[in-house]
Amino acid sequence: MKTQTTRRLVESALMIAVGTVLSVLKVDSLWAFGGGLTIGSMVPLVLISHRWGIKWGTFTAFVYSLLQLILGVDNIQYATSVGMAIAIILLDYVIAYTVIGLAAMFGSSRPGIIGGVVVTLGIRFLCHFLSGWMIWDALWPNELGMTSAVYSLWYNGSYMLPEILITAVLACILVPWVQKTFPRR
């Protein structure tokens, strides 16, 4: 029992580290107007969810969200009120990333993996969309003359849709491979 707990902690720490490194390595794409397109930075969290279950996956994703918050703490300085700061913390970090821990909710079949990725990263997109619409547009109205909801949809969708596709493809390849290659014992 103690060995399995140690293994789970070590694997989670490694996956948090890999996800963090991948989150820093952003790719500029021709179509992405905003955010940063990563090369599968959410996949390590998806793997932990499938390997150790959604309860542990959610805990691991929560720890990851706190690390992302620390790395992005400069964004909170733009808040003009305590409520706005709390909304940035929750929508852009804590909820947006913690929800990825639920990725195994539909099981480990290929449709289950894809469904889990689409739902959890879809919720992450919704968090960023709401933050962009309600918070960031109030701070910096867009210069394109779009309504704030349309602008937030375009801005966040331009990187989240490719992020969902990349994560789904990589997870469909890696989840079965990890389960076969590294049995939990």
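Colleague: What are the ground rules here?
Modeller: The model is predicted, so local features need pLDDT of at least 70 and side-chain atom pairs pLDDT 80 or more, while totals for chains, interfaces and linings use all residues. Residues are numbered from 1 along each chain as its sequence is written, and side-chain values use heavy atoms, without hydrogens and water.

Colleague: How many salt bridges does the structure hold?
Modeller: Two. The criterion is a side-chain nitrogen of Lys or Arg within 4 Å of a carboxyl oxygen of Asp or Glu.

Colleague: Which residues are linked in the network?
Modeller: Arg7, Glu11 and Arg51. Glu11 pairs with Arg7, closest N and O atoms 3.7 Å apart. Glu11 also pairs with Arg51, at 2.6 Å.

Colleague: Is Glu11 buried or exposed?
Modeller: Buried, at 17% relative accessible area. Arg7 is partly exposed, at 30%. Buried means under 20%, exposed over 50%, partly exposed in between (1.4 Å probe, protein chains only).

Colleague: New topic. What lines the second largest pocket?
Modeller: Arg7, Glu11 and Arg51 are among the lining residues, as are Trp177 and Phe182. By class, the lining has eight nonpolar, no polar and three charged residues.

Colleague: Which helix gives the most to that lining?
Modeller: α1, with four residues. Helices here are DSSP runs (H or I, at least four residues), numbered from the N terminus.

Notes
1 Å grid on protein atoms, 1.4 Å probe; cavity = no way out; pocket = protein on both sides within 12 Å on 5 of 7 lines; lining within 4 Å. Helix = DSSP H or I, 4+ residues; strand = E, 2+ residues; numbered from the N terminus. Nonpolar A, V, L, I, M, F, W, Y, C, P; charged D, E, K, R; others polar.
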